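Biologist: Could you take me closely through one part of this model, the place where protein and DNA come together? I would like a connected account that I can follow with the sequence and structure beside me.

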2 protein chains.
Amino acid sequence: MDPPSPEDPGRTSGYTLADFSMFAVAVDVVLMSIQQRELRILLVQRGTPPYRGGWALPGGLVMKSEPLEEAAQRVVYEQSGIVFRQGHLEQVGAYGDPQRDPRTRVVTVAFWAVAPQSSHPCLDSGSAGPGAPAYLEFVPVPEIESGRLKLAFDHAHIVADTLERVRANLETTTLARRFCPDEFTISQLREVYEAVWGGPLDAANFQRRILQSEGFVSPLEKWRRPAGRGGRPARLWQADDGHKRLSRPFPAPWRGRS
Amino acid sequence: MDPPSPEDPGRTSGYTLADFSMFAVAVDVVLMSIQQRELRILLVQRGTPPYRGGWALPGGLVMKSEPLEEAAQRVVYEQSGIVFRQGHLEQVGAYGDPQRDPRTRVVTVAFWAVAPQSSHPCLDSGSAGPGAPAYLEFVPVPEIESGRLKLAFDHAHIVADTLERVRANLETTTLARRFCPDEFTISQLREVYEAVWGGPLDAANFQRRILQSEGFVSPLEKWRRPAGRGGRPARLWQADDGHKRLSRPFPAPWRGRS
DNA sequence: GCAAAAGTGTTTAAAATACACCCATGC
DNA sequence: GCATGGGTGTATTTTAAACACTTTTGC
């Protein structure tokens, strides 16, 4: 909208009720998982037009009296069979460009969530209705960010915004714990940072830095046996309560310093 | 939604088209301004039910083919006469609780923006239709955060989320420049930080820290005469291009350190 | 001259970085 | 023993914080 000229007689005049229509409201979910030390995002191959055969985020329309968060959990379950924790769901934002869906105007609310590590997506054999995906898998983030994979709608935009948010939040909050099981080692936590930031961290300094942050992790009197070809047993830790902002940001080497 | 039981025969069965309805979509805007060294937010006193007479954020329904950002600019202009820059508009998120509006289900997309310092809101004498506010003013943030002022709908929640975001972004981005005019002094920039964070900063250390951050400000060969009872003239600076993430976060004393 | 605001210098404390080194295990 | 991963110690560099001090103006 051009800045309206101040000499307009009445600023709210000129509209009729027909100008204000109802909208289709949808949710799209960026479901993340770390597998083989790589950050991955669940993508579905669309079984119906538009963008039939193209890659997209799991998503769908919100029901009449359904909270947005519940819709996000529902569509992920319907399309992949994956159930994730309520606390591990966070909003990215609303995407409402009038042209974003070629069929009709849709405002979509994007969420991101963490899938349990063990979870593997599976198609719903019982239903192949509209919206049912043809195929789905956890795709490594580098493959998506390279641009080789074309995503439907504005989903590339949604993914980019989400990754920026998640990477930034790793610096300033205790978010990394969400990617870990209930009991975890400091190395597992470090692998989260390395997978999301996409680069190695000094294990010694990482350990100290985490333990210095109050309210991040608490020690357990348990140890994990070394896997593979040996190594000292690692102490297990549990997450402290709540999703907190760190008192001091966690230093991120992945961004060029001035 | 409870986690659905895995033995459900078909995950997508059981819905009919009637379950997916159309929604009213609105925008609400947290318009900020620094006046008398205080951060303030534009609030309108509602002229129509619900919450008639209560305080609320400027907002309204989105039109059929209107981008969300344009709707945000439009409703602020209609309700206050204030026009702000496109670049100074950022989304906070979508708020879609089924009970958030007592009349019908409304999904609102919240934005925050910066008003030019000189701008003062005025009612639209030409129109008193539905949605036209009865009164409006820039209310100091401490007054809102104290809880003495009750806000309509979930607007207290929107304001809280916005303030958290803006305060955090001052640390990690060059956001503060948006609150300044085209040419400004380092003290003016510091006053932005002090108003938003709500506490004093060391002027000497602040100056150095800003100048060390590449891509924040560029010097002009201009100086501002001291106001009031004297003082050394201050150099004027201009904002470097774009809204950038700082290479190193700006230290915030307002958050307790561990 | 004196007060006020802008801006620089200097000292001290704290934090990040790099990396050497010890610990406990599997084979 | 040796490789492997867990974990601690320590020297070095970088950054933040506190505040003394100089500069340039208005009155």
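**The surface around the DNA**

Modeller: Of the 27 residues around DNA strand D, those that come nearest are Ser187(A), Gly231(A), Arg232(A), Arg235(A) and Gly231(B). Among the atoms of DNA strand D that come within 4 Å of the protein, sugar and phosphate account for 64%. Please keep in mind throughout that this is a predicted model, and that every distance given below is computed from it.

A phosphate oxygen of DNA strand D has a backbone N or O atom of Arg235(A) at 2.8 Å, while a base oxygen of DNA strand D lies 2.9 Å from a backbone N or O atom of Gly231(B). The side chain of Arg208(A) also takes part, with an N or O atom 3.1 Å from a base oxygen of DNA strand D. As for the elements behind this surface, those that give two or more residues to it are helix 4, helix 5 and strand 10 of chain A, together with helix 5 of chain B. Helix 5 of chain B provides the largest share of the surface near DNA strand D, namely four residues. Sorted by class, the surface near DNA strand D has 12 charged, eight polar and seven nonpolar residues.

In Arg209(A), an N or O atom of the side chain is 3.4 Å from a phosphate oxygen of DNA strand C, whereas Arg232(A) places a polar backbone atom 3.3 Å from a base nitrogen of DNA strand C. The elements giving two or more residues to the surface near DNA strand C are helix 5 (203-212) of chain A and, from chain B, helix 4 (186-197), helix 5 (203-212) and strand 10 (234-239). For DNA strand C, the largest share of the surface, four residues, comes from helix 5 of chain A. This surface divides into 12 charged, eight polar and six nonpolar residues.

It remains to look at how the elements of chain A are set against one another. The axes of helix 4 (residues 186-197) and helix 5 of chain A come within 10 Å and cross at roughly 100°, and these two helices of chain A are therefore roughly perpendicular to each other. On the helix 4 side of chain A, Ile186(A), Leu189(A), Arg190(A) and Tyr193(A) meet Ala203(A), Phe206(A), Gln207(A), Ile210(A) and Leu211(A) of helix 5. The residues of this contact comprise seven nonpolar, one polar and one charged.

Strand 10 of chain A, residues 234-239, runs antiparallel to strand 8 of chain A, residues 183-184, and two bridges join them; Phe184(A) stands opposite Trp237(A) of strand 10. Strand 9 (residues 217-224) of chain A is also antiparallel to strand 10 of chain A, with five bridges between them, and Arg224(A) has Ala234(A) in strand 10 as its bridge partner.

Key. Residues numbered from 1 in each chain as written. Chains lettered and ligands numbered in written order. Predicted model: local features only at pLDDT ≥ 70, side-chain atom pairs only at ≥ 80, totals over all residues. Heavy atoms only, no water. Polar contact = N/O pair within 3.5 Å; in protein donor to acceptor, adjacent residues only side chain to side chain. Nonpolar A, V, L, I, M, F, W, Y, C, P; charged D, E, K, R; others polar. Axes fitted to C-alpha atoms, helices over the stretch in contact; angles between N-to-C directions. Parallel < 35°, antiparallel > 145°, perpendicular 65-115°, else oblique. Contact = heavy atoms within 4.5 Å. Pairing = 2+ DSSP bridges. Near = heavy atom within 4 Å.
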